[in-house]
Amino acid sequence: MEGKIMLHELESVMEKAVENIFRNQKLSKYWNGDIYYNAYPTAVALITNKILNISEPEWEQKALAWIAAHQKADGSWGLLDKETPPHPDLTEDEIADILEVKAASARNTVVCLLALEIYGGYGEHVKKARRYMKHVDEKYIDPFTDLFLAYFGRKKWKDIAIPPIEVMLAPKHTKFYFKTFIPAWVRDGAMGGIIVKTLKEKKFMSSPFRKMAIRKAEKSLLENQLGNGGWFGTFQPSVYPMLALKELGYDMNSNVMQKGLAFLRSRRNPESGYVHTILPTIGALYALHLSGHGNDEECMQAGLQFLRMQKQEKGRLNRFDLTIWNTSLAISSLLEVKDGEPEIREAVQKGIYFLTQNQGVSGGWVFTHSKAARKGTSKGTLKVFSVQLCCQNVFSCNRY
């Protein structure tokens, strides 16, 4: 009896979730909404405006007020802007280690404090944050957060532990090949950060290898900018390329910079000023598929819109060939959208080929498509359930 009650409650919850998905679908094609996370992107957006010499008083005041309102009692800004939920089998310290709570709190507090300092005001919030930072180990602050500190004299450029730009010249078959050790979703951001540090540090700039590496990185950033102006379709990986292009001398009125700025601004919540990431269409599609609503006409339209949004000007799909996780999730969703749609069939065929070509020797998949990484053991197999589900869908249906 208890099991039946639980099942009924679960079905009720799922129906409400499905209704919510359809209710929030935009123009019957795609989904676009807030993912409430933490204060890091909002603070970074403010800092980026200062670095790029952009003044937007109305939004900036909203964003600063939002940051101040979300400071914790101890003066920090945490991993999430809500308390970490308890777990019956884990202590608070164990949860903190798993979620890297200490590192996240340090990183988030650093950028929020910096944003409040450089814009002025909010004195009490600044004091509380400074008191908190006195007890924080600097090892928790990552090098790409250090870049922001260096821009405002809080850190020496030479002390930032970022790989040298020459890593861009490493051959594909070596372990130092850029795409081997840098995950796809941070690759453009990392490349931008490396360029910034190289140009700011001004060391060995006469080296022909260094000049060649800078040119290669610059070309890659320009090629990887998406049609919507961003890099990898998310906020933070798009910030560092913008900073890098500024250091390379690109005018703020140039097409590449204007497109990038438009993308960064599109990540803002216009009412609160909060900077958010986007709830991807792919996740909504997959949820509808699992809940048995995958054949709805709206779902088909969402799938087609998703594909169109992923195309670069050159016509190739730019997100289907970057990570195993995204590819497998996309295929699992699109398989159930509707048979016979040419765009969907083509995308699924490419995705399946990509998955089969990137399986590691151990039978698992890693988050990169470099040959060097695929030689690893099953230790590198992440999110494999999604890949398995995708392959079960593909090979059991034998449609593609």
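**Salt bridges and ring contacts in a predicted chain**

The mean pLDDT of the chain is 77, and 61% of its residues reach 70 or more. This is a predicted model. Two stretches call for care. Over residues 312-322 the pLDDT stays under 50, and the model gives this stretch 34 contacts beyond four places in sequence. Residues 367-400 are also below 50, with 75 contacts in the model beyond near neighbours in sequence.

Now turn to the charged side chains. The structure holds 11 salt bridges. One of them pairs Arg268 with Glu56, whose closest N and O atoms are 2.7 Å apart. Arg268 lies in the loop between helix H12 (255-266) and strand S4 (277-278), and Glu56 in the loop between H2 and helix H3 (57-69), so the bridge ties together parts 212 residues apart in sequence. Arg268 and Glu56 are both buried. Glu56 and Arg268 also belong to a salt-bridge network with Arg265.

Arg130 forms a salt bridge with Glu117, with 2.9 Å between the closest N and O atoms. Arg130 lies in helix H6 (residues 123-133) and Glu117 in helix H5 (residues 101-119), so this pair joins parts 13 residues apart in sequence. Glu117 counts as partly exposed because its relative accessibility is 24%. Arg130 is partly exposed at 44%. Arg154 also meets Glu117 in a salt bridge, at 3.0 Å from N to O. That pair links distant parts of the chain, 37 residues apart, with Arg154 in the loop between helix H7 (143-151) and helix H8 (178-181). Arg154 is partly exposed, with a relative accessible area of 43%.

Rings make contacts too. Lys50 lies over the face of Tyr119, 4.6 Å from the ring centre. Aromatic pairs number 4. Ring pairs link Phe144, Phe148 and Tyr240 into a cluster.

Two single residues complete the tour. Asn38 is in the loop between strand S3 (34-35) and helix H2 (40-51). Asn38 counts as buried because its relative accessibility is 3%, and the cut-off is under 20%. A polar atom of its side chain lies 3.0 Å from the backbone nitrogen of Tyr40. Met212 is in helix H10 (residues 208-224). Its relative accessible area is 40%, so Met212 is partly exposed. Met212 and Glu166 are 46 residues apart in sequence, yet their C-alpha atoms are 8.4 Å apart in space.

Terms used:
Residues numbered from 1 in each chain as written. Predicted model: local features only at pLDDT ≥ 70, side-chain atom pairs only at ≥ 80, totals over all residues. Heavy atoms only, no water. pLDDT = per-residue confidence, 0-100. Contact = heavy atoms within 4.5 Å. Helix = DSSP H or I, 4+ residues; strand = E, 2+ residues; numbered from the N terminus. Buried < 20%, exposed > 50% of the residue type's maximum accessible area, 1.4 Å probe, protein only. Polar contact = N/O pair within 3.5 Å; in protein donor to acceptor, adjacent residues only side chain to side chain. Phe/Tyr/Trp six-rings, centres within 6.5 Å; stacked < 30°, edge-to-face > 60°. Lys NZ or Arg CZ within 6 Å of the ring centre and 35° of its normal. Salt bridge = Lys/Arg side-chain N within 4 Å of Asp/Glu carboxyl O.
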